[in-house]
Amino acid sequence: MRLIRPILLAVGVANLVALHTTFAQVRPTALPVPGLTREQQYAFEQGGMAFSRIYGTAEGLGPLFNDQSCMACHGVMAGSSNRINTRFGRSEDHGFDPLVHLGGSLVQSRGIGSVTTAEGSVLFAGESVPDQANTVAVRRTPTLQGLGFVDAVPDSTWIAIAEAQLAADPSTAGRVHRAFDAATGATAIGKFGWKAHVPTLRQFSGDALVSEMGITNPQFRDEPCPQGDC
Ligand code: HEC
């Protein structure tokens with residue numbers, strides 16, 4: 001187990017860092033586990049730079065965003081940071097409406113400002129919670145430290161843990177959550193996010209790029225629409 005763990009972390013980190021960006025300005029702040037191969041070390045460094053780089057509009061930032069780097073929110077290594085995201089929606093008797101047509105459920109609090117093209121000028125301002133929302137939730141930014149290990153645990157392990165808990169005591173047994181895996185198009189065990197709705201670090205990273213910074217990527221090709229208006 002001692003030998004396997006560094007390899008597992010490296011695999012997870014390599015997944016985390018595959019952000020499809022080649023910019024390199026800031027050195028990684030986290031240290032890799034010992035014993036990485038050259039390829040794993042390279043992936044770690046590339047990922048660290050993508051994670052800490054401050055993105056501008058030239059690199060695809062906006063038109064809406066919450067901040068300009070992953071580090072800005074996730075810079076605290078041990079414990080959560082003070083950065084808060086706001087989500088909204090409308091709770092009805094028949095269920096929850098994330099009010100996508102009004103820019104929900106995530107508020108992008110900042111915009112890139114005025115943009116002038118041949119067709120005229122557009123002002124991109126940050127979003128606010130619309131009057132139609134009757135549910136507002138804030139989420140504090142968690143630490144990401146060690147999540148490479150979680151990413152590397154195979155689905156069969158989570159299923160086995162849930163089955164063992166069920167056999168021991170059904171009243172307290174945990175259940176695995178099955179989520180959509182964008183890479184395979186199939187369902188996989190959800191491991192990340194408040195609702196365990198994302199199965200891999202790679203998918204969460206692609207989602208965070210587009211949701212928090214407006215940077216499209218191969219997994220997530222549509223930018224958030226300002227207050228739902230594209
Ligand atoms: C504006 C602040 C902000 C920025 C910028 C941001 N995040 Fe997050 N991140 C959050 C918050 C808040 C959560 C918790 C909300 C949730 O899980 O739904 C979160 C959750 C996560 C998680 C899930 C953690 C877990 O324990 O399941 C991952 C992985 C993650 N972010 C990666 C990234 C990456 C990679 C970037 C950059 C591409 C990034 N984030 C940019 C605020 C931010």
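Three strands form an open sheet in the order β3-β2-β7, with antiparallel pairing (strands are DSSP runs of E with at least two residues, helices are runs of H or I with at least four, and both are numbered from the N terminus; two strands pair if DSSP finds at least two bridges between them). The model is a predicted one, in which local features need pLDDT of at least 70 and side-chain atom pairs count only at pLDDT 80 or more, while totals for chains, interfaces and linings use all residues. Residues are numbered from 1 along each chain as its sequence is written.

At the edges of the sheet stand β3 (95-97) and β7 (135-140); each has a single partner strand, so one side of each is left without a neighbour in the sheet. From one strand to the next, the twist averages 40 degrees (axes are lines fitted to C-alpha atoms, for helices over the stretch in contact, and angles between N-to-C directions run from 0 to 180 degrees). Strand β2 (residues 84-92) pairs with β7 in the antiparallel sense over 6 bridges, and Gly89 has Thr135 in β7 as its bridge partner.

Turning to the helices, α2 (residues 38-52) has 15 residues and reaches 21 Å from its first C-alpha to its last, close to the 21 Å expected at 1.5 Å a residue (the expected span is 1.5 Å times one less than the number of residues). Buried residues in α2 are Ala43, Phe44, Gly47, Gly48, Ala50 and Phe51 (buried means that 20 or more other C-beta atoms lie within 10 Å of the residue's own, exposed 12 or fewer, and partly exposed in between, with C-beta atoms placed from the backbone). Seen down the axis, these buried residues fall within an arc of 165 degrees, so they line one face of α2 (the arc is that of the directions from the helix axis to the C-beta atoms). By contrast, α5 is hardly covered, with 1 buried residue among its 14.

Pro154 lies in the loop between α4 (147-152) and α5 (155-168). Pro154 counts as exposed because it has 9 C-beta neighbours inside 10 Å.

Around the ligand there are 22 residues, the closest being Asn66, Cys70, Cys73, Phe192 and Ala208 (a residue is near if its C-beta atom, placed from the backbone, lies within 6 Å). Two or more residues of this shell come from each of α3 (70-74) and α6 (201-213), and α6 gives the most, with 6 residues.
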